[in-house]
Amino acid sequence: MSADAARTVGGSPAAVRTHGLTKRFRTQTAVGGIDLEVPSGAIYGFLGPNGSGKTTTIRMLLGLIGATSGSIELLGEPMPGGASRTLRRVGALVEGPAFHPYLSGRANLVRLDAADPHSDARTAPTRIDAALDRVGLLPAATKRYRAYSLGMRQRLAIANALLVPRDLLVLDEPTNGLDPQGTREVRHLIEELAADGTTVLVSSHLLSEVDQMCTHVGVMFEGRLLMQGLLSELHTEADRTAQTVRVDTDRVDDAAAVLRTLGLTEVRPGEGYVTGLLGDVAVEKVVPELVNDGVPVLGFAVLRPSLEDVFVSLTGEGFDVSG
Amino acid sequence: MSAAEADVVDAGPSTGSGNVGRAPLALPGRFLRSELAIVFGRRRNLVLLGVLAAIPVLLAIAIKLSSGANGSGGDGPGFFEAITSNGLFVAFAALAATLPLFLPLAVAAASGDAIAGEANQGTLRYLLTIPAGRTRLLLTKYVAVVVFGLAATALVALAGVVAGLALFGGGDVILLSGTTTSFADGVGRLALSVLYLAAGFAALGAIGLFVSTLTEQPIAAIVATIGVDVLMFILDAIPQLAWLHPWLLVDRWPAFGDLLRDPISTDAIGLGLLTALAYTVVFLAAAWARFSSKDITS
């Protein structure tokens, strides 16, 4: 669950590493001294509620805003000092799509490609159409951006990030505004890119999304990085601390008493069942103990916690906007 | 999934792949051409150019209609009276008429929008993450503003020549100093006037660009820039502030009339160019200082 575990992946240096990264806006601390570590080749889910400092962190990583203190290393180069060398290896989607409304999707990409001092004008048409094709936007390429739906705009922003091959993709809420089908497509796209070896840092406030595609996860809350590491470790940790058992029985009160004696916490009797937090109690002990005490066990289930439960246990709060 | 994609996008991110699909040296003008296409393609700017082209035509028609009744009585640096004798003077008169407000308005529209417009739209953050480079972006934007100012000035002159020739005819030009010169020489002097004025507008563009780095509201930047222009003209018209006049950017703009004398009087024009250069250097430096360290939060 630590940076050590993360660093071992692939044995290569981290794609993103920050040390004590802090950003204060006047009196408000948006990001308070975080040590981010995104291993090369990872799909890193950057989680946190709206307003937790994810976008501010991403803007600092990309050199759009300066850090108040702390250091950033992006693909082995310090930022923002190495921006001209590093950023062309980084594809970015920051805080939603933004394009010229009166230009078509393709014309917008032509403009962005022209702004790149190192892009090859001769390959531009091929690369632009390939990127549009990849996000499924080729049929709408000549339509004005103004006429695009939110999902199409989002796709165009992703296409921009794919104009040239990248070593790192920084995608801030890439599935915002997409329908379920679009969300699935973007998820597949990210997995494909990662399979080719691209490191992906994807921020999201949707826990389920991160749970489905990420290898690593970092959880932001109120400007602090609460935890980061392998997603599987997070689940293991969660299982250990937050696993719930559910006993179906017709003698609810007796069952609840047995569970409490065993050491389960938060035992809650329901209508024909009892639930309790397992904690350190060995799961195999539960049913024999119930049977010994003569409680009929009509059903028994171990409920693995969702990422959301883990988050609540980490923050003590729900996944709401933090001020 | 196209074949092209397999070649280009899927080239893989192994070490050094950042150079795949990229030329070692990009065509230097590609970004500038793209920027010019944006500036000249913007509807607001096209409307402004249309208005600017219409002014000399209106001017020529108005003088043609009134000249029958009363040939003299014009004001300005003396161009208006000369118009009826040679159509070329329509261009000079139109430049004098659009000099205080309309041409600066075009320059302000392009320069005030330069950075603030992209910031307001959110496209600035994508240009910078490409990375287009902050200094390179600022210079490209500035060159586009200068080109737009030059094009607007040249358009006024061109429309003036066309309207003037149509209504008053051409022929030899009688200069303000009384000497006569060929029509071609007159056109040459007009071209010099356009260049001289464009230099002044380039300085105004530097002011606009600086203001544009201060805000995310393009309209605010445009209004502020035009405000600076108008304020300088007002200050320049107050005799009690004579000590201040040499320091004002606009003070020697009307001196382009000196190009219509023989020999050409270069004193005021030289000082005008020097003032424009000083303003350009100061405000470009200020814009760079501001923009290179600015937090892009839009």
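In which loop of chain B is B:Pro131 found? In this predicted model, B:Pro131 lies in the loop between α7 (123–129) and α8 (134–168) of chain B. The peptide bond that joins B:Ile130 to B:Pro131 is cis, with an omega of about 0°. A cis peptide bond is also present in chain A, where it links A:Met79 and A:Pro80, again with omega at about 0°. A:Pro80 is placed in the loop between β6 (77–79) and α3 (83–86) of chain A. Most peptide bonds are trans.

The secondary structure of chain B comprises eleven helices and two strands. Read from the N terminus, its elements follow the order α-α-α-α-α-α-α-α-β-β-α-α-α. Chain B contains 298 residues, of which 47% are buried. Of the contacts in chain B between residues at least 6 apart in sequence, 77% are formed by residues at least 24 apart.

Chain A has twelve helices and 15 strands. Its C-alpha trace extends over about 80 × 45 × 40 Å along the principal axes. Of the 323 residues in chain A, 50% are buried. Among contacts in chain A that link residues at least 6 apart in sequence, 69% join residues at least 24 apart.

Within chain A, helix α4 (residues 105–114) packs with helix α5 (residues 124–134), their axes coming within 10 Å and crossing at roughly 125°. The two helices α4(A) and α5(A) are therefore oblique to each other, and α4(A) passes α5(A) in a right-handed crossing. On the side of α4(A), the contact is made by A:Gly105, A:Arg106, A:Leu109, A:Val110 and A:Asp113, while α5(A) contributes A:Ala124, A:Ile128, A:Ala131 and A:Leu132. Classified by residue type, this contact of α4(A) with α5(A) holds six nonpolar, one polar and two charged residues.

Helix α10 (residues 252–262) of chain A has as its buried residues A:Ala255, A:Ala256, A:Val258 and A:Leu259. Viewed down the axis of α10(A), these buried residues fall within an arc of 160°, so they line one face of the helix. An α-helix has 3.6 residues a turn, so residues three or four places apart point the same way. The packing partners of the buried residues of α10(A) are β12 (244–248), β13 (265–269), β14 (273–277) and α11 (286–292) of chain A. Turned away from the buried side of α10(A) is a face that carries the exposed residues A:Asp253 and A:Thr261. Just after α10(A), A:Gly263 adopts a positive phi of about 115°.

Positive phi values also occur at residues of chain A other than glycine. Most residues other than glycine have a negative phi. A:Glu95, although not a glycine, has a positive phi of about 50°, and is located in the loop between β7 (90–93) and α4 of chain A. A:Glu95 counts as buried because 20 C-beta neighbours lie inside 10 Å. A:Glu266, likewise not a glycine, has a positive phi of about 50°. The place of A:Glu266 is in strand β13 of chain A, one of the elements against which the buried residues of α10(A) pack. Because A:Glu266 has 10 C-beta neighbours inside 10 Å, this residue counts as exposed.

Methods
Residues are numbered from 1 along each chain as its sequence is written. Chains are lettered from A and ligands numbered from 1 in the order in which they are written. This is a predicted model: local features need pLDDT of at least 70, side-chain atom pairs count only at pLDDT 80 or more; totals for chains, interfaces and linings use all residues. Axes are lines fitted to C-alpha atoms, for helices over the stretch in contact, and angles run from 0 to 180 degrees between N-to-C directions. Helices (H or I, at least four residues) and strands (E, at least two) are DSSP runs, numbered from the N terminus. Angles under 35 degrees count as roughly parallel, over 145 as roughly antiparallel, 65 to 115 as roughly perpendicular and the rest as oblique. A crossing is left-handed if the near helix is turned anticlockwise from the far one by less than a right angle, and right-handed if clockwise. Two residues are in contact if their C-beta atoms, placed from the backbone, lie within 7 Å. Ala, Val, Leu, Ile, Met, Phe, Trp, Tyr, Cys and Pro count as nonpolar, Asp, Glu, Lys and Arg as charged, and the others, Gly among them, as polar. A residue is buried if 20 or more other C-beta atoms lie within 10 Å of its own, exposed if 12 or fewer, and partly exposed in between; C-beta atoms are placed from the backbone. The arc is that of the directions from the helix axis to the C-beta atoms.
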